[in-house]
Amino acid sequence: MTTRVGVVTFPGTNCEQDVAWAVKVLGGEPQILWHADPTVGSADVVVLAGGFAHGDYLRTGAIARFSPVMDAVAEFARAGGPVVGICNGFQILCEAGLLSGALQKNAGLKFRCQTVDLRVETTSTVLTRRAETGQILRIPINHFEGNFVCDEGTLKGLRENDQIVLRYVENPNGSLDDIAGICNEGRNVVGLMPHPERATEAILGSADGAVLLRSLL
Amino acid sequence: MSSYEARIEVGHRPGILDPQGGVIERALPALGYGNVSHVRVGKSIRLTVEAPDEAAARSEVEEMCRKLLANPVIEDFSIELFPGDTPETPGQEQV
């Protein structure tokens, strides 16, 4: 059966069509979910796409976490449903407490828009199950606030529980421990700053993101 | 019910890197201020709240800070309360 991928869209989200396109190209069935509807519908997988939800006012993701759809996303995640937050979606999942830590302004206050090398650190997550540990993926980043921070105890927990999913080979933003993506303890909620949906076909410059999105299908 | 103006300061928790503070701290010596250190950049939020008394107002504003205005993972906050609403704060009068 075709996997239905719900793509959560807030006012200010701007990557939902890219995610929907990539899902379709890879054989899934995308469904756009509007933030004001308190449901994830019939989705088998939920993706929070990138952008600037609610203008990112106050802090990235701070307002978005109170959108009606987020209670449904949290419920879906609690029941073990796969949830992935890309870029702004990662920021929202952290604000919502579905992932630990926070993403703040890049070190050096540089907006980073470039293709980077990422190392897959674990394949035991919904997003990396089709990848290989140690595999290097070339995927674009495009953010001002991707600098992952958390307290020492949280970092220790992330390391010990194998919750660091992706690391930058060369740290572009000051992110703690070179972290580009993490998962929750249940391994069904993953957040990452890079945009795999922008690297799913050779014509885009890299198809390395396909292995991640295909892991969801 | 009484009105209270709350002046809320949100800043980075100790030990959390403050990229804006760092950039300003490196910029000031270029203007001749070599004697500056510990630059921290935060947010100032002002609002007027209606509450039966100051303790109730404070408790409600603290709750707002914990739920929305600050992210406890990386930020601290402090609250000052002033009786009476002051709709035009000095910051808003300036052009």
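Which residue takes a positive phi in the hairpin of β10(A) and β11(A)? In this predicted model, A:R187 does so, with a value near 70 degrees. The hairpin has five residues between its strands.

β10(A) and β11(A), the latter spanning residues 189–192, run antiparallel and share three bridges. Within this pairing, A:C183 lies opposite A:V190 of β11(A). β10(A) also pairs with strand β9 of chain A, residues 164–168. That pairing is antiparallel too, again over three bridges. Here A:L166 has A:G181 of β10(A) as its bridge partner. Strand β10 itself covers residues 179–183 of chain A. Five of its five residues are buried, so the strand is largely enclosed by the rest of the structure.

The fold of chain A as a whole was examined next. Its secondary structure comprises five helices and eleven strands. Of its 217 residues, 56% count as buried. Along the principal axes, the C-alpha atoms of chain A fill a box of roughly 40 × 40 × 30 Å.

Chain B contains an open antiparallel sheet of three strands, in the order β2-β1-β3. Strands β2 (43–51) and β3 (75–83) of chain B stand at the edges. Each has a single partner strand, so one side of each is left without a neighbour in the sheet. From one strand to the next, the twist averages 25 degrees. Strand β1 of chain B, residues 2–12, pairs with β3(B) in the antiparallel sense through nine bridges. One position in this pairing is B:V10, whose bridge partner in β3(B) is B:F77. Helix α2 of chain B, residues 54–69, packs on the sheet. This helix touches β1, β2 and β3 of chain B. The direction of α2 makes about 150 degrees with that of β3(B).

The two chains also meet. On one side, 14 residues of chain A are in contact with nine residues of chain B.

How values were computed: Residues numbered from 1 in each chain as written. Chains lettered and ligands numbered in written order. Predicted model: local features only at pLDDT ≥ 70, side-chain atom pairs only at ≥ 80, totals over all residues. Contact = placed C-beta atoms within 7 Å. Helix = DSSP H or I, 4+ residues; strand = E, 2+ residues; numbered from the N terminus. Buried ≥ 20, exposed ≤ 12 C-beta atoms within 10 Å, placed from the backbone. Pairing = 2+ DSSP bridges. Axes fitted to C-alpha atoms, helices over the stretch in contact; angles between N-to-C directions.
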